[in-house]
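Q: Please take a close look at one part of this model, the sheet. I would like its strands, their pairing and what surrounds them.

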Amino acid sequence: MNQGSTRIKYYALIVMLGMGMVHTTTYASLLIVKKTETGFAPLDDADKKHNDAMASMLLKYEWPMCIANTDLTADEQKELLAPNKPNAEELFIQKKLTEKFGQDIYHVVFIPTTVYELFCLSKVSDDYDTSPSNALDAQQKKLETAFLSGVRIDGYRRSNISIQDIINTPHEKAANIRKRIYKRYTTESRFFYEDQDNEFNETAFFHVNRALASELFNYCPDLQHCTSTSQISKEFESKALQFADHVMKKSIYGEEVEAQTIALDYKAKAMNKGLLFRGTDSIKVDQGRETPKTSVLEKTGLDNPDMKYRGELAGTTIYEATTLKDVGGGHKKKTLKPYSLSFGNSLFAGRKKDSGATAYTYLCRGSSLEFVGYVLFIDKQAYIQHQCHNLFFISPLAPLAALFNGGEWFHSRSKVAIPYKKAKKTIAIDGLSRGGTLSDPTGVLLITRNPLHHAALFSKFLADNMQVINGSSVQNLTEVERKAYDAKMKESQALAGKFYKSVKTLERFATKVSEKFHHDKDAFKKNLKQHRKERLHKAIAGHITASKQRKRAIESKQKEHAIKKAETAPSSD
């Protein structure tokens, strides 16, 4: 059996696995093509005049860039972002194209982001000294020149994107902070979508859009003659993996991970959700007793024989390299540290500038089941409304721009929580390198919430919305074993959520007991003082009364003695 047919069968297997998920989501890229008399064709030079209008439309309404669009109305949010609306993003942007340019002129085609990224990577060079071969390569070289010289390019970055200075700004409204952050990300994306100051006189976005559409129609000529772009998207689905092979010419990229992410893109397309990637060493879980009759787990009811469990966790917001037992001990010692997990918006984000931090690198790093890669499925509408209950900060960077970025902030990240009493302090965040210290007064990444409650919410979210995806460590498992492994990870996360919640309940109970004790102690002291005062007053009153009685008795006896003396005295006669 040849490698291509093996990969097709593997792809089909992953699709079947994905079908069993309740929450499946995606983050894809849209191509713009134009209508012709015989079908569809790539954009050409005559369409360059519309580059900015097309680019603006995608930057406003495509996920995750639409996060930065604070002008979305409630109706637009519902139409574009609501879950379980098949092809919502395509339909919405198609409507905007029609409103702008007229009927049957420009149309959108769904392309999995993995395929889009692989195509972009095939078009750029690692040799920065050679002349650029296309507009995308030219933009990459401009960024590299700016990075080496330390000079900004017409307001665009000269290094990796960072928003830490904005996050730590004091005395500014939250809405203003968000707008400043979103502007910085949008500026990064616009460099690839709107800047055409290069020898090719076109933007990187226009070049990729035209070149990818041309490659697609050359590889699959029949797609040009489809009756609609929705039909193109549907028919390309069965060819996507082979096309990715064709684009990269069977390069070093991992076929198992690639197959899984392409499959997830298409399954999620019908669910209209967002996707976050993470690869990580699993966190060991050992719920044995600490010491007889004193275990936190025993007190929470999780240490009985039916609830004992040994396994791994995929993530936590309370310092990554720990165990659940340590959480109980750390809670008692008040040494728990907030931890921010990084997530990739796509498989190859950061690949050209920070390859060691890409989701792809981590997903392909492990070689055993002690290493776990997974995807999280994000309800877009819930994120826009409340950041999924304040659990995430999602980077609104375009996938094209993210390929050429690096550092800490091209990532999406989990938020971290600190107690209210520490809300005004500067906090060191584990998971953020290079001075990851935040004051964050408006709660962009650092929020005020009970850390154990936050960890419980995060673990439950993972249990409800994660799916294991790791070519290196699980590729040899059968379908039944894959499902069992996925279920095991979810069980671990759900159990961790219960554990954090139980410890929080203990904390709250202990606080109430302590408050009651101190209240009762104060009341007792007050009552004792009052009691002693009353006893003293009573004793003094009794002493005064006794003194008066003794005085009256003496006076009475003196009076009686005087009378007797008078009676017995001889008469003067």
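Predicted model: local features only at pLDDT ≥ 70, side-chain atom pairs only at ≥ 80, totals over all residues.

**The sheet and its surroundings**

A: K34 has Y106 as its bridge partner in β3. β1 and β3 run antiparallel to each other and are joined by six bridges. On the β2 side, K35 is bridged to F40. Strand β1 covers residues 29–35, and two bridges tie it to β2, again in the antiparallel sense.

Put together, the three strands make an open sheet. Its order is β2-β1-β3, with antiparallel pairing. The edges are β2 (40–41) and β3 (106–111). Each of these has a single partner strand, so one side of each lacks a neighbour in the sheet.

A helix also packs here. α9 lies on the sheet and touches β1, β2 and β3. The direction of α9 makes about 75° with that of β1.

Next, the wider packing. Nonpolar side chains tend to be buried together in soluble globular proteins. The largest nonpolar core here has 125 residues. I181, F192, Y193, L376, F392 and L400 touch the most other members. Helix α9 (residues 204–219) contributes the most to this core, with nine residues. Another core lies apart, with eight residues, including A455, A456, A496 and Y500.

T229, I232, S233 and F236 are its buried residues. Down the axis of α10 they fall within an arc of 95°, so they line one face of the helix.

Last, confidence. The chain has a mean pLDDT of 78, and 75% of its residues reach 70 or more. Residues 1–26 stay under 50, and the model has 67 contacts for them beyond four places in sequence. Residues 328–333 are also below 50, with twelve contacts beyond near neighbours in sequence.

Terms used
Residues numbered from 1 in each chain as written. Heavy atoms only, no water. Core = buried A, V, L, I, M, F, W, Y, C linked by side-chain atoms within 4.5 Å. Buried < 20%, exposed > 50% of the residue type's maximum accessible area, 1.4 Å probe, protein only. Helix = DSSP H or I, 4+ residues; strand = E, 2+ residues; numbered from the N terminus. Arc of directions from axis to C-beta. Pairing = 2+ DSSP bridges. Contact = heavy atoms within 4.5 Å. Axes fitted to C-alpha atoms, helices over the stretch in contact; angles between N-to-C directions. pLDDT = per-residue confidence, 0-100.
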